[in-house]
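The following exercises are to be worked through with the sequence and the structure at hand. Each task is followed by a solution in steps.

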Amino acid sequence: MSDNKILEQAKKMQEIVLESEEFTNLKNAMDALKAEKDSYKVFTDFQASQNDLRQKQMSGQEITPDDMKYARELADKMNKLPAIKLLMEREKAMGKLIDDANMVITEPLRKLYQA
């Protein structure tokens with residue numbers, strides 16, 4: 001199978017993912033979170049904090065105790081918000097679906113190296 005055929009099949013898989021119950025549930029959870037302005041603000045602040053920490057780490061900058069404290073505080077807030085908890089549950093289900101598909105796709109490689 002040529003690269004083009006593999007990519008064509010990947011595009012078909014993308015369409016199937018978009019039609020899946022797991023994706024629909026994830027999208028609905030994200031839409032619900034966005035509708036709750038305060039919860040969504042905590043969510044986006046947490047994402048920004050994580051990106052900042054990652055950038056600092058990759059560039060060799062020191063991550064300060066204040067940086068860590070702020071990230072922990074945001075994580076604590078997130079864990080108390082039902083809309084974010086639901087989103088995380090839906091992300092977990094979507095991740096499992098993708099992991100399962102990846103296991104099927106990469107099975108020939110695993111067999112190749114185990115032989």
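**Exercise 1.** In which helix is the place of serine 49? Determine also whether serine 49 counts as buried or exposed.

*Solution.* The model is a predicted one. Serine 49 lies in helix α3, which covers residues 37-58. The relative accessibility of serine 49 is 7%. Buried means under 20%, so serine 49 counts as buried. Leaving aside residues up to four places away in sequence, serine 49 touches Tyr70, Ala71 and Leu74.

**Exercise 2.** Describe how helix α2 and helix α5 pack.

*Solution.* Helix α2 comprises residues 21-35 and helix α5 residues 82-114. Their axes are 9 Å apart and form an angle of about 160°. Angles over 145 degrees count as roughly antiparallel; therefore α2 is roughly antiparallel to α5. The crossing of α2 past α5 is left-handed. On the α2 side, the contact includes Phe23, Leu26 and Met30, and on the α5 side, Leu87, Arg90 and Met94 are among the residues involved. Sorted by class, this contact of α2 with α5 has 12 nonpolar, 1 polar and 3 charged residues.

**Exercise 3.** Which residues form the aromatic pair, and how is it arranged?

*Solution.* The structure holds 1 aromatic pair. Its partners are tyrosine 40 and phenylalanine 43, at 6.1 Å centre to centre with 25° between the planes. Planes under 30 degrees apart count as stacked, so this pair is stacked. Because tyrosine 40 and phenylalanine 43 are 3 residues apart in helix α3, about one helical turn separates them. Tyrosine 40 is partly exposed at 27% relative accessible area, whereas phenylalanine 43, at 9% relative accessibility, counts as buried.

Terms used:
Residues numbered from 1 in each chain as written. Predicted model: local features only at pLDDT ≥ 70, side-chain atom pairs only at ≥ 80, totals over all residues. Heavy atoms only, no water. Axes fitted to C-alpha atoms, helices over the stretch in contact; angles between N-to-C directions. Helix = DSSP H or I, 4+ residues; strand = E, 2+ residues; numbered from the N terminus. Parallel < 35°, antiparallel > 145°, perpendicular 65-115°, else oblique. Left-handed = near helix turned anticlockwise from the far one by under 90°. Contact = heavy atoms within 4.5 Å. Nonpolar A, V, L, I, M, F, W, Y, C, P; charged D, E, K, R; others polar. Buried < 20%, exposed > 50% of the residue type's maximum accessible area, 1.4 Å probe, protein only. Phe/Tyr/Trp six-rings, centres within 6.5 Å; stacked < 30°, edge-to-face > 60°.
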